[in-house]
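Please open the structure in a viewer and keep the sequence at hand.

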Amino acid sequence: MFDKVLIANRGEIALRVARACRELGVATVAVYSTEDRDSPVVRYADEAVHIGPGAARASYRNIAAVVEAARQTGAQAIHPGYGFLSEDADFAEVCAQNDIVFIGPPAHVIAQLGDKCAARRVMSEVGLPVLPGSHGPVVSAEEATALLAEIGYPAIFKAAAGGGGRGMAVVTEPREVVTAYQGVTSESLAVFGDGRIYVERYVAAARHIEVQVLCDGHGNGVHLGLRDCSVQRRHQKLLEESPAPGLSAQTADRMGQAAVAAALAVGYVGAGTFEFLVDEDERFYFMEANCRIQVEHPVTEAVTGVDLVQQQLRVAAGERLALRQADVVPRGAAIECRINVENPDRDFAPAPGVFDEFVVPGGPFVRVDTHGYPGYRMPAIYDSLIAKIIVWAPDRAAAIARMDRALAEFRATGRAIHTTAGFLRQVLAEHTFRDGTHTTTLVGHILHDLAGRPAGPAATRPEEGAPRWARKHPVPHS
Amino acid sequence: MDTTPERDRPAVAELSDLRDAIVEVLTSLPRPPSRLRIQAADVGIDIRWEEEPGPARPVRDPAPAAAVPAAGAAAPAPQPAPAAEPEPGPVLVAPSVGVFYQAPSPGSEPFVTVGTVVEAGQQIGIVEAMKLMIPIFADRAGTITAVLKPDGTPVEYDEPLFALAEQV
């Protein structure tokens with residue numbers, strides 16, 4: 001095992017990784033931007049290095065700064081968390097050149113799977129079913145139109161370099177193709193620096209189910225069951241659960257085995273996720289593979305009892321998997337809710353500020369991963385996730401009741417602060433969710449219903465909403 | 001029947017929306033602006049801060065520098081401290097995490113020492129990050145009053161490296 005690991009991330013996941021290290025007796029180095037100097041991981045870690053200003057490209061995405069911090073502190077390995085450099089093949093390569101272990105799959109595997117378009121082809125070659133679509137990037141709107149005449153509508157354009165729900169557009173008829181093609185191309189170029197896009201059939205009412213795999217560097221791999229991530233708003237996951245409700249055990253097994261086989265076929269090492277669309281007949285189609293620990297990994301930990309981050313560290317240190325497939329016996333049901341600092345009444349616009357009050361739920365079988373605390377100023381320039389609440393119960397109905405109880409206990413207030421906690425309780429109350437028959441359309445339906453209702457009173461009174469200095473210095477009229 | 005309230009309602013809602021949007025913007029700012037211009041049609045926000053009056057703005061405000069328990073406060077004074085607490089002068093900080101070098105190459109003369117008079121834009125040091133030599137430039141003219149880090153030491157981003165007295 002390593003003596004010292006640098007955590008190249010921020011927020012709750014940096015703290016999560018630091019905790020795994022501590023339990024393994026591994027010293028930790030946190031890195032932080034100027035904006036994050038008050039983030040808990042800076043104090044929690046054994047050492048902390050200030051690597052740059054707030055903008056992520058100058059700090060958390062700055063390969064030179066991160067590697068330099070690792071060299072200064074003598075860290076032997078870097079855990080990239082999720083986002084930022086976690087799926088950057090160049091970064092993995094630079095780590096290797098500097099004799100630092102990148103905690104993740106080999107650079108060439110990241111490169112192969114990070115190109116969603118290439119991943120589709122490779123996964124289809126190793127036997128995973130994929131949706132009908134382009135075999136490579138589509139290079140013009142005309143080509144896309146011709147292809148769509150074959151595969152049919154609706155279809156979805158996606159960025160080859162995409163992720164995080166960015167760079168996608170659904171088309172339902174031919175006259176939308178040109179706009180969608182141009183829109184996704186330019187967004188992809190702007191967000192990912194890569195304008196290549198591909199197209200595949202769009203399944204509107206599908207379930208988004210993913211398989212957690214874990215492979216060592218010695219050719220062994222297991223899967224740790226499924227996660228259903230169908231509760232999404234604009235391709236952003238809000239709630240995840242394990243197991244996938246209502247899915248037959250046979251289908252779950254087939255998906256798990258298919259994912260492990262595919263992972264081993266491409267030389268995958270570490271923890272990874274294979275995402276599938278599952279239709280109402282339980283046919284499943286590979287969508288993409290994620291070469292990182294995911295936000296929703298705790299639901300898998302809750303049902304399997306396996307600490308995935310510790311497993312990542314062990315695999316990266318060269319250990320053989322101690323787990324065999326027969327050892328993985330999921331029990332009960334787990335749900336995770338992502339609490340974002342966003343205002344559901346304002347189309348989920350980020351609503352950051354300073355927390356006056358920050359109270360997390362407790363009680364049996366409740367886990368909270370967060371970097372929030374009373375007095376914490378939530379930076380406006382990073383993502384809006386402030387806490388993940390994870391509950392476990394022997395069955396799904398009890399887990400839903402427990403999650404609702406936990407969300408009701410969660411309190412985060414402050415000037416201009418709004419969170420999604422209340423909205424998540426509405427999701428839990430939906431009968432299709434309670435039945436486990438919901439699809440990725442659920443959140444859209446809820447929001448549509450809410451929009452039809454008369455607006456409630458303003459969420460914040462002016463006095464509460466304004467920052468203190470803004471009240472002292474009234475906004476000038478212009 | 002008076003329809004005015006009906007017609008006023010959307011306007012009030014818009015006003016409240018606008019207000020919330022302004023609060024959101026203001027909350028995210030590092031310091032209070034001197035001027036804020038909002039434009040509703042076609043959406044546009046124009047924020048201005050007053051330039052600090054008097055001497056050019058230090059690379060980092062003395063206040064935050066003092067708040068960091070690192071080098072700034074502990075800088076050795078080149079001369080015996082005068083009776084009155086001197087105004088903390090500007091400090092020049094590391095542009096990157098890396099290794100700080102005072103000289104262009106090992107064994108050569110340092111770029112500057114205490115007492116060197118520098119011009120704005122003059123190179124005064126190097127931070128090396130992964131074999132990339134990042135020059136450190138003086139952002140104003142003045143006299144170097146302290147070199148706060150030894151040659152060849154690891155530094156973090158924004159760490160004070162030099163203190164400088166501005167020319168009057």
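Two residues are said to be in contact if their C-beta atoms, placed from the backbone, lie within 7 Å. The model is predicted: local features need pLDDT of at least 70, side-chain atom pairs count only at pLDDT 80 or more, and totals for chains, interfaces and linings use all residues. Residues are numbered from 1 along each chain as its sequence is written, and chains are lettered from A and ligands numbered from 1 in the order in which they are written.

**First stop: the nonpolar cores**

Select B:F162. Leaving aside neighbours within four places in sequence, B:F162 is in contact with B:V91, B:L92, B:I124, B:I144, B:A146, B:V147 and B:L148. A residue is buried if 20 or more other C-beta atoms lie within 10 Å of its own, exposed if 12 or fewer, and partly exposed in between, with C-beta atoms placed from the backbone. A nonpolar core is a set of buried Ala, Val, Leu, Ile, Met, Phe, Trp, Tyr and Cys residues joined through C-beta atoms within 7 Å. The largest such core has 114 residues, and those with the most contacts inside it are A:A30, A:I78 and B:F162. Apart from this core lies another, of 39 residues, among them A:A302, A:A412, A:A421 and A:I446.

**Second stop: chain B and its confidence**

Now display chain B alone. Helices (H or I, at least four residues) and strands (E, at least two) are DSSP runs, numbered from the N terminus. Chain B has 3 helices and 10 strands. Of its 168 residues, 29% count as buried.

The mean for chain B is 71, and 47% of its residues reach 70 or more. Over residues 1–10 of chain B, pLDDT stays under 50, and the model has 0 contacts beyond four places in sequence for them. Over residues 51–86 of chain B, pLDDT also stays under 50, with 35 contacts beyond four places in sequence. For the complex, the predictor gives an ipTM of 0.76 and a pTM of 0.80.

Select residues 11–23 of chain A, which form helix α1. The expected span of a helix is 1.5 Å times one less than its number of residues. How many residues of α1(A) are buried? The number is 10 of 13, including A:G11, A:L15 and A:C21. Just after α1(A), A:G25 takes a positive phi of about 75°.

Two strands pair if DSSP finds at least two bridges between them. In chain A, an open sheet of 3 strands has the order β7-β6-β8, with antiparallel pairing. Its edge strands are β7 (166–171) and β8 (197–201) of chain A, each pairing on one side only. Strand β6 (residues 155–163) of chain A pairs with β7(A) over 5 bridges; A:F157 has A:A169 in β7(A) as its bridge partner.

**Last stop: a hairpin**

Finally, select strands β12 (residues 270–278) and β13 of chain A, which pair in the antiparallel sense over 6 bridges. They form a hairpin with 5 residues between them.

Conventions:
pLDDT is the predictor's confidence in each residue, from 0 to 100.
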